[in-house]
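Hello,

Here is the structure I promised to hand over. My notes follow below it.

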Amino acid sequence: ALWLAALAVPVSAAVPSAERSALVALYNATGGPHWTDRTGWFGTAGTECTWAGVQCNPTETSVTGLDLSENGLAGSLPASLGNLANLQTLDLEGNAITGALPKELGRLANLQDLHLALNQISGVLPRELGGLGRLTVLDLPFNKITGSLPVELGNLAILQVLDLGGNQLSGSLPAQLGNLRALLFLDLSDNQLSGTIPADLGRLTTLQTLYLDDNQLSGTIPTALGSLAALEQLGLSGNQLTGTIPRELGNLSMLMFLNLEKNQLSGPVPPELGNALSLIGVLLSSNRLGGTIPGSFLNPPNLETLWLDHNRFAGPVPFELGAIPTLDDDGGLDLRSNALATDTEPGLLADLDAKQAGGEWRSSQAATAAFDPQLPLSGLADRRPGGLVIWTLQVGNGAPPLTLSTSGGTGDVDLYVRFGSPPTTTQFDASSANPGSQESVTLGAPQAGTWYVGLRARTPYTGVTLRTGAGPSVCFPGDTNLCLNGGRFKVEVTWRTPDGQTGAGQ
C-alpha cells in the first residue's frame, strides 16, 4: 500500500542539465538579480519550465522558447546558449546586452526566430548564423554590430525577415542575399555599407519591403529591381547613387512608397513611373534630376506625397498636378528649388500653394536649371505658346565642337543658344527655328564658361528630347584631307606611286 501511495505522488520532469546550466549562465552573465521579472529563476531541478520567460515542450523536458524582452538584462550572452538544442525562439529585444554574439548560436539547429533588437551588441555577425537552416526571422536592428555581412546568410533558405538596420555594418552587399527566395522584409538601412546594389536582389520575388537608406552605396539602381513584383516599399535614400531612375520601376504594381531622396540621380524621371498605380508616396528630393515633371504622376489614384524639391526640373508644372485631390495639403507637394514655371490656367497657383510645403512656391524657383551633357533630357513639354525654358551648360577650356539638338515628340519648338546670359528670340549666338521639333545648332569652337540653352514653344510641344553631342565631321578637300570629327583630328591621305598606282589611308 505504501508503494502504491508513492506512485501517486507527482514527479516533475526536468530539462537536461546542460540546458539548465545554460539558463543559469544567462542569468549570471546578464545581471539576473536586477531583472525586471525573475520569477522562479534558480528554482529546484524540474521547475525550469515555470521560470519567467522560459517555454518548454509539452512534456517539459526541453526548453523551446526564451522571451526576456525588455526585462533589464545587462551584460554579454554566454556561449552556453548554444546548448539549448531545441530552442525555437530567442527574444531578448530591448535590453542592455553588450559584447559580441557568441558563434555558438550557430548550433541552435531548431531556431526559427531570433530577436535581439534595441541592445548594445557589438562585434561582427558570426558567419555560423548561416547554418541555421530553420531560421525565419533574424531581427538585430539598433545595435552596434560592425564588420561585413557574412555571405553565409545567403544559405538561410526559408528566412522571411532580415533586419540589421541601425548598426555599423561596412563592406559591400553580398550577391548571395539574392538566394533568400522566401524573404519578405529586408532592412539594412542606417549602416556604413558601400559598393553597388547587386542585381541579384532582383531575384527576391516575394520581397515586400527593401530598405537600404542611409549607407554609402554607389553606382546605379539595378534595373533588376523592377522584377520585384511583390514589392510595396523601396527605400534607397541617403546614398551616393548615380545614373537615371530605371523605367522598370514602373512595373512594380504593388509599390506604395518610393524614397530615392538625397542621392546623385540625374536625367529625366521616366514617365513609366506613373504606371505603378499603387503609389502613395514618391520622394525624389535632393538629386540632380532634370527635364520636365512627367504628367504620368497624375495616374496613381491614391498619391498623397510627391516631393520633387532641390532638383533641376525646368519648364511648366503639369497643370493638373496641384489639383490632385489625394495630395496632402501643406506639404503633400514639394517643388522648391527647381526652375519651374506655370501655365496661366485659372486656379493653378492657388492649388499649388495649398499643397506646397511652406506655402507659396514660385519665389523659390531658379531662373535656369543645370543641364548634364551626358544625359539627354526626354519627355520635355511646354504648352505655353511662346514659353521659353532655359538650361545652363558648362563648357571647359579647349572643348571640341559641340552640337545641341532636339528631336521627337509633337508640336513646334525653336532652339536658341547664347554665351554668358539667357538668350531671347532677338539676342542669341546660335539658333535653329525650323518647323516642327527637329532643331540643331553646332558651336565650332565653344568658348569656355557658361552657355545658356533655350527652348521656345513656337506652338505647344510635348515629348521632345534635348541632347548634346560632338559636332559633325568637317573635311577640307585635297590630296591630304584634314577632318574634324567630333572634335578629334583625322588625317586622310591619298598617294600616287611612280608607276601610276594610287592608294589611301588615314
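Asn263 sits in the loop that links β17 (257–259) and β18 (266–268). Strands here are DSSP runs of E, at least two residues, and helices are runs of H or I, at least four residues, numbered from the N terminus.

This is a predicted model: local features need pLDDT of at least 70, side-chain atom pairs count only at pLDDT 80 or more, and totals for chains, interfaces and linings use all residues. Residues are numbered from 1 along each chain as its sequence is written, and side-chain values use heavy atoms, with hydrogens and water left out.

Asn263 is buried, at a relative accessible area of 7% (buried means under 20%, with a 1.4 Å probe and protein chains only). Its side chain reaches the backbone oxygen of Leu236 at 3.0 Å. A polar atom of the Asn263 side chain also lies 3.2 Å from the backbone nitrogen of Asn239. Beyond its neighbours within four places in sequence, Asn263 is in contact (heavy atoms within 4.5 Å) with residues including Gly238, Leu241 and Ser286.

**The wider picture**

The protein has three helices and 36 strands. Of its 506 residues, 47% count as buried.

The largest nonpolar core has 96 residues (buried Ala, Val, Leu, Ile, Met, Phe, Trp, Tyr and Cys joined through side-chain atoms within 4.5 Å). Trp41, Leu66, Phe297 and Leu335 have the most contacts inside this core. Its largest share, five residues, comes from α2. A second, separate core has 25 residues, among them Val389 and Tyr461.

Best regards

Conventions
Buried < 20%, exposed > 50% of the residue type's maximum accessible area, 1.4 Å probe, protein only. Polar contact = N/O pair within 3.5 Å; in protein donor to acceptor, adjacent residues only side chain to side chain.
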